[in-house]
Amino acid sequence: MASPTSSPIEQGKLPGHVAIVMDGNGRWAQKRWLPRVAGHKQGVESLRGIVKACIERGVPVLSVFAFSSENWNRPAEEVSGLMDLLVMALSREVPSLEKSGVRLHFPGDRSGLSPRVVQGLEAAERGTAHNSKLILNVCFNYGGRWDVVQAARRLAEQGVEITEESLSQATALSHVGDPDLLIRTGGELRISNFLLWQSAYTELVFTECLWPDFDAAELDRAFGEFARRDRRFGRTAEQQADAQPAAGKRHA
Ligand code: IPE
Ligand code: IPE
Ligand code: MG
């Protein structure tokens, strides 16, 4: 049983690691007869609000899906718009994120990105490395399958035995625990190659809300749903009532 003095995260009332598939930008823009990239721009505004809300609520880790391995299949104009937006958002947002205590990471395949983009990501990671209030993982050119393959390949190259623990440690999100809650906006009921390895026991919340409309009230709705979930990790409900495992940890 959780002690009355334990934190909301330890009690399982608040997720220690929130992951979000930020979907629906294109539809948000199309509904307004705007180009899709206008939806992506509005999506950056949404993210700013959700980062602030996570800090205010004491959530220590937020991982967002910004560009998937498969998003290269989009029209060239949209892909280059997204790359430009990333570089612009970094220069505009990083100074205030740094002041707010946010530490940035960009899990994903850098080999596919232009030097201009890679330099921007590295500078943002370096510039916020001393922060610890909120770890913000912006998954860019990320794919769950890519992550498992790069981790397995690295272990094989090093001659390290592949176990659940060693593979977890070699993934691009080894610096944080597994997500407790994964939210997908935009109404689709799928994972789309996000954190495949890490979300084995993650609670899933899907909402019709398009990402540019997703705000602190929507976040609280998802948190409310999370708080009502009964996480059993393979045990019976009776066993679980006796031993609540701490959230945000891996469960071997
Ligand atoms: C998510 O919004 C952002 C990215 C995939 C980069 P979408 O662009 O997929 O928006 P919809 O799903 O077309 O509305
Ligand atoms: C998932 O959204 C990727 C991101 C939000 C970055 P998509 O819009 O690419 O997913 P699908 O294609 O509908 O599955
Ligand atoms: Mg989409």
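Start by selecting F65: at 9% relative accessibility it falls under the 20% cut-off, so F65 counts as buried. Keep in mind as you look around that this is a predicted model.

Colour the strands and you'll see that the pair links distant parts of the chain: F65 belongs to strand 2 (residues 61–68) and Y142 to strand 4 (residues 134–142), 77 residues apart.

Stay on those strands and pick F67 and F140. Here the centres are 5.2 Å apart and the planes are at 25 degrees, so the pair is stacked. F67 is in strand 2 and F140 in strand 4, 73 residues apart. Both of these residues, F67 and F140, are buried.

Last stop: ligand 2. Which pocket does ligand 2 sit in? Ligand 2 is in the largest one. Show the residues around ligand 2, and F65 and F67 turn up again, among others such as N71 and R74. Strand 2 gives the most to this shell, with four residues.

Now check the side chains for N or O atoms facing oxygen atoms of ligand 2: you'll find S192 at 2.6 Å, D23 at 3.1 Å and R184 at 3.3 Å. Taken alone, ligand 2 exposes 390 Å², and the protein buries 78% of that.

Terms used:
Residues are numbered from 1 along each chain as its sequence is written. Chains are lettered from A and ligands numbered from 1 in the order in which they are written. This is a predicted model: local features need pLDDT of at least 70, side-chain atom pairs count only at pLDDT 80 or more; totals for chains, interfaces and linings use all residues. Side-chain values use heavy atoms; hydrogens and water are left out. Helices (H or I, at least four residues) and strands (E, at least two) are DSSP runs, numbered from the N terminus. Buried means under 20% relative accessible area, exposed over 50%, partly exposed in between (1.4 Å probe, protein chains only). Rings of Phe, Tyr and Trp (its six-membered ring) pair if their centres lie within 6.5 Å; planes under 30 degrees apart count as stacked, over 60 as edge-to-face and the rest as tilted. A residue is near a molecule or strand if one of its heavy atoms lies within 4 Å of it. A polar contact is a pair of N or O atoms within 3.5 Å; within protein, one must be able to donate a hydrogen and the other to accept it, and residues adjacent in sequence count only if both atoms are side-chain atoms. Accessible areas come from the Shrake-Rupley method with a 1.4 Å probe; for residues, only the protein chains shown count as cover. On a 1 Å grid over the protein atoms alone, a cavity is a set of points where a 1.4 Å probe fits but cannot get out, and a pocket is an open set with protein on both sides within 12 Å along at least five of seven lines; lining residues have an atom within 4 Å of a point. A molecule sits in a cavity or pocket if more than half of its atoms lie within 2 Å of its grid points.
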